[in-house]
Each structure stands twice: as structure tokens, then as C-alpha cells.
Amino acid sequence: MSIFDHELDDIDLHEYTSKAYLDYSMYVINDRALPFLGDGLKPVQRRIVYAMRQLGLTYQAKYSKSARTVGDVIGKFHPHGENACYESMVLMAQPFSFRYPLVDGQGNWGAPDEPKSFAAQRYTESRLTREASLLYEELNQGTVEFVPNFDGTLKEPVCLPAELPFLLLNGSTGIAVGMATDVLPHNLGEVVKACVAALRNERISVSELLTELSGPDLPSGGLITTSSEELQRVYESGQGSVRCRARYERENGDIVITEVPYQSSPSRILEQIAQQMQAKRLPMVVDLRDESDHENPVRLVIVPKSNRVDVERLMSHLFATTDLERSVRLNFNVIGLDGKPRVYPLNKLIRDWLRFRKLTVRRRIFHRVEQIQRRLEIIGGLLIAYLNLEEVIRIVREEDDPKPVLIQTFTLSDLQATAILDLRIRQLSRLEEEKLNAEKNALSDELAKHQLVLNSTQRLNTLIRKELQAIAEKFGDARRTTIVADSGLAEAYADADLVSNEPVTVVLSQKGWVRVARGHGTVDPINLNYREGDDYLSSSLARMNDSCIFFDSSGRAYSSPITALPSARGQGEPLTSIFSPPAGSRFVGCVSSVISEVLVANSYGEGFRLPVSAALSQVKSGKAVVVLDDSRELITSVSIQPDCFVVLITKSGRILALQSHDIPVRQRGKGVRLIGISRKDLFSDDDALEFAISVAPQEKVAITAGQRTMTMTSKKIAEYVGKRGNLGKRLPRGYTKVSKVRLV
């Protein structure tokens, strides 16, 4: 008979694939990826703990090869890949992964930098930790159900009778089909306090719980910078994220990072900082070292350039741009007591775990009550035997089958008759009878207490509370992670912040070539080396993190960060490679963005004081700030200070000095008449405004004509002060053809 002779069922392909995928999904969810709320473990973790307990690898035992444990787990309970099983075991042993590790390992079990750098299972040894005993101590006390293993040859527990909510203590991560879980670790003492509070008030809110449980307590320590309001929202919804930040301290001027965020790699953090240093994004940092060792698992040293570096601002930038601060997901999506996955708020999760604990404790007490009742039954039979010792001995000696005779004669149960027959001769002494009476009284008292607990919810709650508090006293420890809700958001450096504020001099040539020389008093811009046919035109004192504003003859203003300008090591670059001025225009001056006002004047003697803020522009084509009519062109732009003289010199040799406050301020426009220029002279090219310079009271101005130079003090300049719009006075003989005007 071939297989084709059998009857086949016709099933719709869509129906079959849907059912198959659903079965697979439920298997992944329940048997692989998501933890159970009761003991907080995934199936493979539960089986590892159970197998090690069966092997006797408790915290009091000697270490055993990990390969022995993995072999028992996959051979008896978890028929999957041994590498996956061993990786789960490694995770349970890593103190930087589990807040309270369940496996105590010897050998290489990985490091925070490389969690998967652990040695092979044949090289490592392991046993369970003290904390793991809280999972299995009550295992043989009738607390949980046992089911057949995968091949039906052994029994394994459905879950472990956890005495604490390990789901909150160690957290859990897992990806199932269409869902995932991310539970962060918490502090044992705080979790116990939260459970006790929930025992006293079954309707406790999340906000009330958070007075006892302040937030996650991560194995790696560090800081949590999430606000208390946001933490409450996360715990109320069961989903969200928490910001974790590294902890650092100052040591001899250096910054020493001692704790990094949860699941962050110190070597990765060093790499991120080093990349920024190579990219010139951290000019205030001169060195970076990793001094981590066995005593200091995390010790990253950042060396600032000087003591003047703002360390808090620097760390804020690193928090924003590296893994020194990162957000960690929190998602309380776990398998509930009904075997179904769901997302729990914190109060519901603790409340359901307490239901699990109450059920476990009741089953434990029931189991003990059954043991006591069985023992009391045996003691009752033994006491009857002691009261009728001679008759019992006679029956045992004379009867072929004494058991039914004993049962009938003394109205005993089968259990009592068996116990009497199992007595040894030396147990027939009077002393043994007294011991039985004492044991009977003690067991009766214990039974009465257990009955009181079983019949009273309040007594049961009190028992659980005392047990939880006793565990907290024995296993509790201090928090590692500090909640710092008012630390503020991390902020990366802006481009301007990364530029040093060293003094520089921006130099502009007559043909529009620009360069930046370092320093103020050390630079003589006039005597710099210029291209053939070119010469000095204008300069401005600034700092490297400032901007510089350039003006052209068409009345447009252009601005650029000084960092974008070429250095003075060469002869600079033409401004036309940076900006796009109109054809035929030429650059006439430059000023620093740190000054407040600049004097702009055209060839017709018109001008005004322009606020520098009004001249800033982000486009290559610049910004029109001066309106020019006819053949006028902008001839100068100079910085102007309050209470200074503005010296104006025409092409024909006339000079006029104005008080700066006599010149109006405009945001844009043509301006007012500063010095009189004859229209006839202008069109005949006989006269025009040629120089304008601002002179402070303590400064001097040098006027050069040919080979002659005349230096004028403020007192001398005062002789040429006149009203705005006047023609001014003639310069002394020999200075009618001025070629250069500069401050000295």
C-alpha cells in the first residue's frame, strides 16, 4: 500500500498557513522569548536553574564544568542548541547584565566591552548563587506543578516558586513574534518595600508605589536623568524609555568616568570620543585614556586642555553625542498568571505577583498541613501501641499476617498499622513514648497556627510580609543607580562653541583678497606680503569664534564665520570664491561682528551709522544695506565707537570732522549728507569723498600724501570739527592729494 492510498484532507492553504504561523508564534511567545510573571524567567533560564539544582550545584557546592550543566539542560529539559543554552547561562552569570546574578561562574564569562567574549563551556565552571536559592528553596514543598519533559521520561516544574519578583530584580529582554519585552532591573530592598505597600493596600496607585520604588537600579550604576513625572507615566503605561547617564568625577583636573549607562560599551564610548577629537570637534580635550583594570572595571580618563575648560558643558556635549548617555526601553510585556502575554503597569504587575506568591504560600502550607496530619496519625497509632504493648507483641508473634489483626483489634488505619510493624525493639522504651507525646503537642500547635493562616487573609498577608522583609534584611543592598531628575537635557556644542576665542586680525586687500592672521598687536597688516599690483585696504580685530562682515561698492554686505576664511600663511583667497557680488563691484572694507555699529559712506559724501546686526547675511549674494543713486558707490565702511570723531577727507583735499553722535542711525537707506560735495565736481571727476575714518579720543590718525605723513591728535582734529553737510577745510599745503589714511 502506498501513501497515496490513504485518504487526504483538503485544507485551504490560507487556513493552514495561518494556523501554522499562529502555532509557531504562540510557541515562541510562551516557550522561548517572554518571561513568566511568577518567577521572572524564560523557559531556558528556568530549566538551567532547575537542572543545576538537581545536580546539587547550589551556592554551597563546589564548582562544576559548565558543559556538564548545559548537557543536562539540553539532554533532559531543553532540546535546543547548546550554544544558545550556554549563552543564556552566561547572561545569568554576568554581574553587568543581571542585577542579582543567578549563576556564580569561574573563568572568563565576558566583559562589559565584549559581553560575548566569554570562554567556551568546556573551560568555565559554575554553580548557583545565594540569590538563586530564593527560586528553588520551596520547590519540594508542593508549591508548583510538575509536567513531563519533552520526551516524557522526566518531570520538570511549570515554574519555580520564587520568593521575590525576580522579573523586577533582574529584568528581562526578549523578542517574540509581533511583540517584545524590555524590563529593567530594580533594587531588591525597594522592590520588597513596594510589595509590602501593595499588600497593605490592594488598590495602591503607581504614584504611591514610586515613593517606595524610586526607579530602575541598573547593574552598571550611573545616573537616571528621566524626570519623576515621565517615570510615573512610563510605569503607569508599562511602556516607554528611561535616560541613563554615565557617572564621572574630577581628579587632579582630569575627568574620570567610573560608571557607564546600562548595556553600554566603554570601548565604544572611547571610540566615539576619539572620532570627535580627530574631527577637531573637541579642541578642549588633549588626551583620552582607558585605565580600566580588575579593581576598576570602568575607568575612562578625559584630559581637558586647561583648567579654564567648562567641564560641565563639555560633559553635556559628550552626553548628547556619545553613549555616555542613552535611552533604554522599558516594556512590561510578560506572560501573566493566565498564560497570556500582556503589558502590565507597575501596580498591576506587583499585585499579580503577590497573587502568585499567596497561591504559592498557601500550597506550601497545605503541603505542610498534610505532612503534619500524616505524622499525627502515625503518632496516634504508636501511642495506642505503647498503651497496649504486650497485646501488640503477642499479635506480632502469633499471627501469620498481623497487620489486619492490629487494624481490627485497635481500630487502626493502614498507615498506623504499618508504622507499628516498622517499630524497632529499641524504640519500645518509655523515653520514646515521652518523645512522641512531646512531638504530638508541638505538631498540634503548629497545625493550629497553619489553620489560622489558611483561614485568614490578613494572617496570610502578614506571613508573606514578614518573609519578604526577612529576605530584604538578608539579601538587600544599596542602590547603584542614582535618580537625578533635575540634571537637565544634554546639549551638543554648536559649531561656534567648538572654535577657540583666540584673537585674530582679518586683513582685506584692495583687490578683495582676504586672510586671517593670529594675534592682535603682533600683526602689521599694512606691511604684509601682497600679490603684485595689490596692497592693503582694510583690517579688523576679532576673535576666531566671531564673524566678519564685508561691504562692496554696490552697497551690499556679506558675512562669514572667521573659521571659514583662509589663514595668513599665504596671501589669502579672493572673496569672490566665497561670495557672489554684482559684476563690476569691488570690496571696500570689513568689520568684526562683535562691534555694535559701522559707518557706511558713499562717494557723494552721504552716509549713516549702521547696526552690525542689520548687516548680517547668510546668503552668498549678500544683503543690500546702502541705497545708491546715479553714479554713487560705497567707498568705505569702518567701525565706529560712541563719542569719537569721524574724519572725512575728499579727493580735492578738504577735511571735515564730525562728532559720531551727530550721524544718525539707519537700518538701511541712502543716508544723510556728511560732507558737502559739488555735483559739478563729482560729474567732472574733480571731487568726491575718498576717506572716512573713526578716531577715538586717545587715538591718532596718520594722513599720507606722497612721501609726506602728517599725524593728527584728537586736539588737532578738533580744529576741523564742523556741522554735518559742510564743505570742511582745506588740508595744509602738500597734503591736497591724500593717498593713505590710517590710525596710529
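Predicted model: local features only at pLDDT ≥ 70, side-chain atom pairs only at ≥ 80, totals over all residues.
Figure 1. Helix α9 spans residues 228-237, and its buried residues include Leu231, Val234 and Tyr235. These residues lie on the same side of α9, because they cover an arc of only 95° around the axis. Glu229 and Arg233 are on the other side of α9, where they are exposed. Gly238 comes just after the helix and has a positive phi of about 80°.

Figure 2. Asp72 and Lys76 form a salt bridge, and their closest N and O atoms are 3.2 Å apart. Both residues belong to helix α3 (residues 66-77). Asp72 and Lys76 are four residues apart, which is about one turn of the helix. Asp72 has a relative accessible area of 14% and is buried. Lys76, with a relative accessible area of 34%, is partly exposed.

**Figure 3. A salt bridge between a loop and a strand.** Arg632 is joined to Glu606 by a salt bridge in which the closest N and O atoms are 3.4 Å apart. Arg632 sits in the loop between β27 (623-624) and β28 (634-640), and Glu606 in strand β26 (residues 606-611), so the pair ties together parts that are 26 residues apart in sequence. Arg632 is buried, at 11% relative accessibility. Glu606 is buried as well, with a relative accessible area of 8%.

Figure 4. The side chains of Lys716 and Glu719 meet in a salt bridge with an N to O distance of 3.2 Å. Glu719 is partly exposed, at 44% relative accessibility. Lys716 is also partly exposed, at 33% relative accessibility. Elsewhere, a network of salt bridges links Glu251, Asp254, Asp287, Arg289, Glu291 and Arg299. The structure holds 38 salt bridges.

**Figure 5. Cysteines without a disulfide.** A disulfide is a covalent bond between the sulfur atoms of two cysteines. The cut-off used here for a disulfide is a pair of cysteine sulfur atoms within 2.5 Å. By this rule the structure has zero disulfides. Cys85 is in no disulfide, and the nearest cysteine sulfur, in Cys159, is 19 Å away. Cys85 is buried, at 1% relative accessibility. Cys590 is buried, with a relative accessible area of 3%.

Figure 6. How many cavities of 30 Å³ or more does the structure hold? There is one cavity of 30 Å³ or more. The largest cavity contains about 50 Å³ of space. Its lining is made up of Gly40, Leu41, Gln45, Phe98, Leu102, Phe166, Asn170, Gly171 and Ser172.

Note on methods
Residues numbered from 1 in each chain as written. Heavy atoms only, no water. Salt bridge = Lys/Arg side-chain N within 4 Å of Asp/Glu carboxyl O. Helix = DSSP H or I, 4+ residues; strand = E, 2+ residues; numbered from the N terminus. Buried < 20%, exposed > 50% of the residue type's maximum accessible area, 1.4 Å probe, protein only. Arc of directions from axis to C-beta. 1 Å grid on protein atoms, 1.4 Å probe; cavity = no way out; pocket = protein on both sides within 12 Å on 5 of 7 lines; lining within 4 Å. Points joined across faces, edges and corners; volume = space filled by probe spheres on them.
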